[in-house]
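Me: I am new to this structure and would like to learn how to read it. Could you take me through some features one at a time?

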Amino acid sequence: MAPPDPILGVSEAFRADTHEMKLNLGVGAYRTEDLQPYVLNVVKKAENLMLERGENKEYLPIEGLAAFNKVTAELLLGAQNDVIQQQRVATVQGLSGTGSLRLAAALIERYFSGSKVLISSPTWGNHKNIFNDARVPWSEYRYYDPRTVGLDFHGMISDIKAAPEGSFVLLHGCAHNPTGIDPTPEQWESIADVIQEKNHIPFFDVAYQGFASGSLDTDASSVRLFAARGMEFLVAQSYSKNLGLYAERIGAINVVCSSSDIAKRVKSQLKRLARPMYSNPPIHGARIVANVVGNPELFNDWKEEMELMAGRIKSVRKKLYDSLSAKDNSGKDWSFVLKQIGMFSFTGLNDAQSENMTNKWHVYMTKDGRISLAGLSSAKCEYLADAIIDSYYNIS
Amino acid sequence: MAQLLRSGCSGRVLCSGAVGAARSMSTAWWRHVEPAAKDPILGVTEAFLADPSPNKVNVGVGAYRDDNGKPVVLECVREAERRIAGNLNMEYLPMGGSVNMVEETLKLAYGENSDLLKDKRIAAVQALSGTGACRLFADFQKRFSPDSQIYIPVPTWANHHNIWRDAHVPQRTFHYYHPQSRGLDFASMMDDIKNAPNGSFFLLHACAHNPTGVDPSEEQWREISHQFKVKGHFAFFDMAYQGFASGDPERDAKSIRIFLEDGHLIGCAQSYAKNMGLYGQRVGCLSVVCEDEKQAVAVKSQLQQLARPMYSNPPVHGALIVSTILGDPDLKKLWLKEVKGMADRIIGMRTALRENLEKLGSPLSWEHVTKQIGMFCYSGMTPEQVDRLTKEYHIYMTRNGRISMAGVTTGNVGYLANAIHEVTKSG
């Protein structure tokens with residue numbers, strides 16, 4: 001009997017709980033202030049357009065919808081970017097972030113057999129599963145510093161430096177999951193320096209473009225910094241959160257190469273790997289993205305809605321921080337709640353404390369201390385603050 | 001700029017330059033990547049689309065076309081889409097997919113009143129169409145029967161080989177197609193079943209074998225099932241054409257029902273790509289029959305665990321369409337009518353193609369065109385003859401001589417017959 005998934009299993013447990021104050025801060029799916037799922041208006045518009053057009057449901061090519069692949073690469077890198085202009089990126093539609101990561105892992109296993117992927121400690125729980133099932137060895141680099149509830153920058157740089165040359169370094173483009181802790185622009189430059197020094201290959205997981213700061217361009221700046229240096233790198237993208245297309249499974253794997261010829265070949269190999277996995281990717285989500293991003297009016301609408309979503313998260317962070325600071329007289333610095341970015345916050349609570357959150361307070365979260373602010377309403381901030389303070393101080 | 005050839009990493013070249021300088025091409029990691037061979041099936045459509053000839057005919061990929069050669073979206077599907085439009089929930093499905101969709105899908109394969117369903121003995125998850133279902137099973141087989149191999153019929157859908165290979169399950173083949181008769185090589189097939197080590201895993205096409213269109217008869221299925229019992233073999237059914245073969249889904253599931261009657265614990269991949277025209281939505285189901293409910297729960301959890309690092313959870317849109325249709329008696333009736341319509345059109349085209357070829361005075365027998373069943377006709381043409389069809393007549397099909405009858409119309413059947421006659425008349 002396989003163990004329940006540490007992340008998706010949380011929602012299952014939440015559903016079974018009947019307590020009136022229960023709070024689901026488990027899976028990172030955006031909720032409105034009323035804690036309802038949210039289908040973006042721009043998505044509804046796009047779907048209506050699609051319904052009117054009555055398009056067919058034929059197989060996509062193995063690499064996915066061409067219109068989608070074009071807009072997704074441009075969204076990531078910028079349409080004027082050299083990489084795009086020179087056609088140096090191999091883009092293949094994938095099954096959201098997971099599927100795109102898995103394709104990349106399979107590519108790595110095939111062409112860099114024995115090379116390791118360095119993943120942050122901690123990282124999204126499924127990263128390890130993906131590399132394990134793809135038979136790609138991995139090891140961790142230090143990332144989270146529990147003392148500061150911030151980035152262990154020196155640890156990160158040391159570990160990346162110490163890894164064998166030519167390792168793949170898995171980086172979260174923005175809104176690190178689960179910690180919410182992102183390097184600063186200066187730190188990104190240093191990270192790029194050491195990666196180039198060691199001839200490592202950067203591998204970005206970009207699941208929150210637009211969601212972190214509210215700006216699509218700002219959230220892509222880490223990736224674009226690497227592109228500007230002429231580096232080759234991989235990027236997995238997901239539209240689950242930023243377009244709310246969770247269940248449509250829409251994303252992409254991008255491999256930035258040194259020439260367009262190489263990019264063509266790499267793309268053909270990504271296709272070869274996808275064919276025995278699922279033959280060709282699902283069409284619905286791809287069409288939605290292509291319609292939204294490809295239509296200037298819808299694109300603007302999207303940007304506005306994204307700012308609203310990111311804005312709500314920033315405001316509950318503030319409210320949570322204010323509640324914690326007001327209720328905690330010990331002088332503990334809770335400002336990490338404000339400094340962290342994106343959907344998640346690493347509270348610094350340990351296993352036992354997180355369990356107390358659930359068992360005593362009916363607050364559902366993952367055992368690593370991660371809470372999803374997307375699932376928090378401003379109405380429940382005080383309750384959450386009480387729960388966190390109780391767990392932090394009364395449980396060890 | 002100094003260039004260094006890396007030792008130990010073939011093909012990687014380091015170009016050193018000022019670190020941080022814009023546009024300094026640092027390492028080229030992917031230079032050693034060869035272009036992959038074009039997929040033999042999907043590559044045909046690519047070539048077809050690129051052909052400017054007004055006479056071009058696509059009988060390559062197995063996607064249904066109406067008599068005008070147009071893709072079809074079933075009425076029941078359009079209606080289902082209208083009903084689910086404005087669906088306010090795009091949240092992740094559970095890892096096992098849509099429960100409703102899976103339940104309805106199992107009824108189709110196993111029978112509405114199946115005891116297995118009542119007793120909850122079937123571990124089932126929504127899968128990425130037939131491909132995804134086969135791949136999940138192959139991965140499951142590797143993980144839980146690590147020493148096993150898979151016996152695959154000759155020929156089979158090309159992607160079957162890719163799937164079990166990428167799942168690292170060793171492959172063996174068993175005789176299936178009999179070229180001389182363009183039918184089933186039943187004797188050799190039974191020999192292979194008998195000679196395989198006890199407890200071997202076999203891949204069987206439940207109906208409308210792809211690419212040959214050659215299915216065992218009911219009596220033959222019973223013999224196969226019996227021999228499987230004697231040998232303790234595991235039967236994995238790939239059922240991609242239920243409803244499409246005869247027009248009647250119950251009839252098309254006969255092979256599976258025979259095995260179930262005989263008490264086999266089978267596995268089954270189901271797809272809605274063809275029979276509901278949901279190709280690009282990627283909707284299907286993988287099921288594994290277990291000894292009891294507890295085992296089914298355990299197996300399902302393991303299937304989910306395999307799916308999680310592949311795609312986390314399956315896409316919702318197609319699943320909603322399926323459960324909307326199958327959950328509504330009127331829509332389901334409409335679907336059954338439309339599936340029969342598609343199957344009937346294909347059967348009609350088989351008859352027309354054969355009649356045309358016979359009228360042209362072909363020296364060869366084309367009986368197999370109407371004997372074979374489902375979307376495909378294994379014509380018996382050689383790769384060279386197929387190449388001539390493409391070059392001279394702009395007719396696109398896979399080089400194994402497989403004709404997708406779904407691409408044949410009253411408008412092009414004459415042209416097709418004539419072309420086939422021309423390239424085969426000299427034997």
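Me: Into which domains is chain B divided?
Reply: This is a predicted model. In chain B, domain 1 covers 40-72 + 343-424, and domain 2 covers 93-327. The C-alpha centres of these two domains of chain B lie 28 Å apart. Domain 1 of chain B brings 20 residues to the contact, and domain 2 of chain B brings 20 residues.

Me: How much area is buried between domain 1 and domain 2 of chain B?
Reply: About 1600 Å² is buried between them, with carbon and sulfur atoms giving 65% of that area. On the side of domain 1 of chain B, 35% of the area buried against domain 2 comes from B:Ile373, B:Phe376 and B:Tyr378, more than from any other three residues. Helix H13 (329-359) and strand S13 (376-378) of chain B each supply at least two residues of the side of domain 1 that touches domain 2.

Me: How many salt bridges and polar contacts link these two domains of chain B?
Reply: Side chains of opposite charge can pair when their charged atoms come close. Across the interface of domain 1 and domain 2 of chain B, zero salt bridges are found. Six residue pairs are in polar contact between these domains of chain B.

Me: In what order do the strands of the seven-stranded sheet in chain A run?
Reply: Strands of a sheet pair through backbone hydrogen bonds, either parallel or antiparallel. In chain A the order is S2-S10-S9-S8-S7-S3-S4, in an open sheet with mixed pairing. Strand S2 (89-95) and strand S4 (138-142) of chain A are at the edges with a single partner strand each, so one side of each has no neighbour in the sheet. On average, neighbouring strands of this sheet are turned by 25° against each other, direction ignored.

Me: In which sense do S9 and S10 of chain A pair?
Reply: Strand S9 (residues 233-238) and strand S10 (residues 250-256) of chain A are antiparallel, paired over six bridges. A:Val235 stands opposite A:Asn254 in S10(A).

Me: Which strands does helix H6 of chain A lie across?
Reply: Helix H6 (residues 125-133) of chain A lies across S3, S4, S7 and S8 of chain A, at about 150° to S4(A). Helix H7 (residues 153-162) of chain A lies across S3, S4 and S7 of chain A, at about 145° to S4(A).

Technical notes:
Residues are numbered from 1 along each chain as its sequence is written. Chains are lettered from A and ligands numbered from 1 in the order in which they are written. This is a predicted model: local features need pLDDT of at least 70, side-chain atom pairs count only at pLDDT 80 or more; totals for chains, interfaces and linings use all residues. Side-chain values use heavy atoms; hydrogens and water are left out. Two strands pair if DSSP finds at least two bridges between them. Helices (H or I, at least four residues) and strands (E, at least two) are DSSP runs, numbered from the N terminus. Axes are lines fitted to C-alpha atoms, for helices over the stretch in contact, and angles run from 0 to 180 degrees between N-to-C directions. Contact means heavy atoms within 4.5 Å. Domain bounds come from an automatic or database domain assignment. Buried area is the accessible area (1.4 Å probe) that two parts lose on being put together, summed over both. A salt bridge is a side-chain nitrogen of Lys or Arg within 4 Å of a carboxyl oxygen of Asp or Glu. A polar contact is a pair of N or O atoms within 3.5 Å; within protein, one must be able to donate a hydrogen and the other to accept it, and residues adjacent in sequence count only if both atoms are side-chain atoms.
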